[in-house]
Amino acid sequence: MFRVTRRYAFAASHRLHSPQLGVEENRSIYGKCNNPYGHGHNYLIEVSARGPADGATGLAVNVAALDDLVRRQVLEPFGHSNLNADTDAFHSVVPTSENLAVEICRRLKRNWSAAFPGDWPKLEKIRIAETERNIFELGADEIE
Amino acid sequence: MIITRKVEFSASHVCRIPRLSEEENRRIYGASANPNGHGHNYVVEVSLEGEPDPVTGMVLDLKELKDLLNREVVAPYDHRFLNYEAPPFDQVVPTTENIAREIWRRLEPHLRGVAGRLHSIRLYETPDLFVDYFGEQGSREAPNSGEAPCSA
C-alpha cells in the first residue's frame, strides 16, 4: 500500500469574522485576521491518496487525473479569489484554514469517483499550510 | 518513537511499458515516457520505529544508518540511469512507487534484529510529489497489490 502526496499552491484573501459574535469578541478571537478589509496568504495544499500500485503500470495514483481534479475543484475556484466573497460556502462559514480544509475535502470527495472510477486510490487526507508555521491536517474519513 | 534519516540521489529514468504503444505509454506516464529519459533529484526519508536503548539512549546509531543508506541507495542509484544501470529497473518500471518499494526491500533485511524496525520509506521525486511506502504489512487492505513487471 502506498500513500502518494501531491503539493499545490494558490493565493487567496480572507477575513475571519463571525456574524454570531460582537465586534470586540471578533477582534479578540481573530486578532489581525479580523481586519475589516481582509488579508491574503500563499496557501500550500498537500493532497494524499492511498492505494496499491497497479500491477502493470507500477502506479498507485494517476497524478495527471489528480492534478486535473484539484485544478478544477480547488485551484481555479480559489486561486486569486476573496474566499469570503467568491465562495458560496464561506458566505455563512468563517474561512478559517480549518473550514477551508473541510471545504476542500468535501469538494474532492464529491468529485473523486468521477476522477478515479475504480476501488483505488482513495482520498486519505489533506494538509493546508496557511503560512510556513500554521499547518492544518484533515483526514478524509473525518467528514461526510 | 520514530527516527528519520534523509539522503539524496540524482538519477535519470524513463517510465515505459515496452509492449504498449507510444500513444498508450504517453497516456499513462505523460512526459515521463520520453524514450530518452529524464532525471530528478530524489530525496529519500527512511524512518525507523523503536524505543531508545536504555544505555545508549539511541534507537539506532544514525551513523550506521547513514553508512547503510550510502551502500544500498546512494552507491547503486546516484548519477545512474536507473533503467539501464540499476536492476530490477531493467524489468520493473521505475515509477516513484516502485523505487520506494525497492529501497524498502534493499534496506529491510539489514534492519532486522536492531532496536528499531523499518517504519516507512518516503521518496520525493520532486518537492511537489512524494510517495510513502510502509512495506508489505501495510498492504493488507490492498487486494491487487503486486509487482509491476515490465513485461517485454
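In chain B of this predicted model, helices H2(B) and H4(B) are oblique to each other, because their axes cross at roughly 130°. Oblique here is what remains once angles under 35 degrees are counted as roughly parallel, over 145 as roughly antiparallel and 65 to 115 as roughly perpendicular. The two helices cover residues 62–77 and residues 96–107, and their axes come within 10 Å. Axes are lines fitted to C-alpha atoms, for helices over the stretch in contact, and angles run from 0 to 180 degrees between N-to-C directions. The crossing of H2(B) and H4(B) is right-handed, the term for a near helix turned clockwise from the far one by less than a right angle, with anticlockwise giving left-handed. On the H2(B) side the contact involves B:Leu68, B:Glu72 and B:Val73, and on the H4(B) side B:Ile103, B:Arg106 and B:Leu107. Four of these residues are nonpolar, none is polar and two are charged. Residues are in contact if their C-beta atoms, placed from the backbone, lie within 7 Å; Ala, Val, Leu, Ile, Met, Phe, Trp, Tyr, Cys and Pro count as nonpolar, Asp, Glu, Lys and Arg as charged, and the others, Gly among them, as polar.

Chain A has a helix pair that can be described in the same terms. Helix H2(A), residues 63–78, and helix H5(A), residues 97–115, have axes that come within 10 Å and cross at roughly 135°. H2(A) and H5(A) are therefore oblique, and their crossing is right-handed. From H2(A), A:Ala65, A:Asp68, A:Leu69, A:Gln73 and A:Val74 meet A:Ile104, A:Arg107, A:Leu108, A:Asn111 and A:Ala115 of H5(A). This contact has six nonpolar, two polar and two charged residues.

Chain B as a whole has four helices and five strands, in the order β-α-β-α-β-α-α-β-β from the N terminus. Helices (H or I, at least four residues) and strands (E, at least two) are DSSP runs, numbered from the N terminus. The C-alpha trace of chain B spans about 60 × 35 × 25 Å along its principal axes. Of its 152 residues, 34% are buried, that is, with 20 or more other C-beta atoms within 10 Å of their own C-beta, placed from the backbone (12 or fewer is exposed, in between partly exposed).

The strands of chain B can be followed from S1(B). S1(B), residues 2–13, pairs antiparallel with S2(B), residues 38–49, over 12 bridges; strands pair if DSSP finds at least two bridges between them. In this pairing B:Ala11 is the bridge partner of B:His40. S1(B) also runs parallel to S3(B), residues 80–81, joined by two bridges, with B:Ser12 opposite B:Phe81.

S5(B), residues 129–133, is mostly covered, with four of its five residues buried. S4(B), residues 117–126, is joined to S5(B) by five antiparallel bridges, and B:Ile121 has B:Tyr133 as its bridge partner. Two residues lie between S4(B) and S5(B) in the hairpin they form. S5(B) also pairs with a strand of chain A: S1(A), residues 2–14, runs antiparallel to S5(B) over five bridges, and A:Arg6 stands opposite B:Leu129.

Residues are numbered from 1 along each chain as its sequence is written, and chains are lettered from A and ligands numbered from 1 in the order in which they are written. In this predicted model, local features need pLDDT of at least 70, side-chain atom pairs count only at pLDDT 80 or more, and totals for chains, interfaces and linings use all residues.

Key
Contact = placed C-beta atoms within 7 Å.
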